[in-house]
Amino acid sequence: MDHNTLKQYLLSKPEAEEHYPFDDYTAVFKVQGKMFALLIKKQGTPLLNLKCDPGHAIELRDIFPEVIPAYHMNKRHWNSVVLQGDLSAGEIQRQIDHSYGLVVKGLKKSIREGLEVRHGKPALYAGTLDQNQSNQQSGL
C-alpha cells in the first residue's frame with residue numbers, strides 16, 4: 001500500500017484528523033483528540049503504529065512477520081506494521097479499522113454516542129473483534 005493511499009484510508013475514517021506534533025514527517029492520526037495511528041520511519045523503514053487488543057496483538061505478530069511490537073509505544077496495546085513487507089492492503093485496512101474502533105470505544109460516552117449518531121455504528125466499529133455485538137445492538 002503506497003503512502004498516499006494509506007493516508008487517504010486513515011483520513012477516510014469518520015472525523016479522523018492528521019497532526020504533526022513531533023516534527024514535519026511523523027504523522028499522528030486522531031479521532032476526537034485520541035490517537036489511533038502513527039505513521040513514522042525508523043531507520044528509513046516506514047512503520048504504521050496501530051492500537052490493538054492485547055490478545056489479538058500477539059496473534060497478529062505470530063501470523064505476520066510484518067507485524068511487530070510497536071516502536072516507541074506500549075507494546076501490549078500497540079503494534080507496528082512494517083509497510084515494506086508483503087502484508088496485503090486489505091489486512092492493513094482491517095488493522096486500521098480495528099485500531100480506530102478500539103479508540104472510539106474508549107472515548108467518553110457522550111462523545112462516542114455523538115459519533116454513533118452522526119456516522120452509525122458500522123462505520124465506527126467495522127474492525128473491532130466484537131463487531132457482531134455492535135451490529136446486534138444497532139439492529140443489523
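## Ground rules

Helices (H or I, at least four residues) and strands (E, at least two) are DSSP runs here, numbered from the N terminus. This is a predicted model, in which local features need pLDDT of at least 70 and side-chain atom pairs count only at pLDDT 80 or more, while totals for chains, interfaces and linings use all residues. Residues are numbered from 1 along each chain as its sequence is written, and side-chain values use heavy atoms, with hydrogens and water left out.

Let's start with helix α1, which covers residues 3-12 and has Leu 6, Lys 7, Tyr 9 and Leu 10 buried. Buried means under 20% relative accessible area, exposed means over 50%, and partly exposed is in between (1.4 Å probe, protein chains only). Looking down the axis of α1, the buried residues fall within an arc of 160 degrees, so they line one face of the helix; the arc is that of the directions from the helix axis to the C-beta atoms. On the face turned away from this buried side sit the exposed residues Asn 4 and Gln 8.

The cover over the buried residues of α1 includes the strands β1 (16-19), β2 (27-31), β3 (34-42) and β4 (45-51), along with helix α3 (89-105).

## How α1 meets α3

Two packed helices are described by the angle between their axes and the distance between the axes. For α1 and α3, the axes come within 11 Å and cross at roughly 30 degrees. The contact is made by Leu 6, Tyr 9 and Leu 10 of α1 and by Ile 92, Gln 93, Ile 96 and Asp 97 of α3, where contact means heavy atoms within 4.5 Å. The axes are lines fitted to C-alpha atoms, for helices over the stretch in contact, and angles run from 0 to 180 degrees between N-to-C directions.

The two helices α1 and α3 are therefore roughly parallel to each other. Angles under 35 degrees count as roughly parallel, over 145 as roughly antiparallel, 65 to 115 as roughly perpendicular and the rest as oblique.

Ser 88 sits in the loop between β6 and α3 and is partly exposed, at 41% relative accessibility. Its side chain reaches the backbone nitrogen of Glu 91 at 3.1 Å. Glu 91 lies in helix α3 and counts as buried at 14% relative accessibility. The side chains of Glu 91 and Gln 95 are joined by a polar contact of 2.9 Å. Leaving aside neighbours within four places in sequence, Glu 91 is in contact with Leu 60 and Phe 64.

Asp 97 is also a residue of α3, and at 12% relative accessibility it counts as buried. Not counting residues up to four places away in sequence, Asp 97 touches Tyr 9, Lys 13, Ala 126 and Gly 127.

Val 81 belongs to strand β6 (residues 78-82) and is buried, with 1% relative accessibility. Beyond residues up to four places away in sequence, Val 81 touches a set of residues that includes Leu 47, Leu 50, Val 67, Ile 92 and Gln 95.

His 19 is found in strand β1 and is partly exposed at 29% relative accessibility. A polar contact of 3.2 Å joins its side chain to that of Glu 17. With residues up to four places away in sequence not counted, His 19 touches Thr 26, Ala 27, Val 28 and Lys 30.

## Positive phi in two loops

Most residues other than glycine have a negative phi. Glu 15 has a positive phi, near 60 degrees; this residue lies in the loop between α1 and β1 and is partly exposed at 30% relative accessibility. Gln 43, in the loop between β3 and β4, has a positive phi of about 55 degrees although it is not a glycine. Gln 43 is exposed, with a relative accessible area of 78%.

Conventions:
A polar contact is a pair of N or O atoms within 3.5 Å; within protein, one must be able to donate a hydrogen and the other to accept it, and residues adjacent in sequence count only if both atoms are side-chain atoms.
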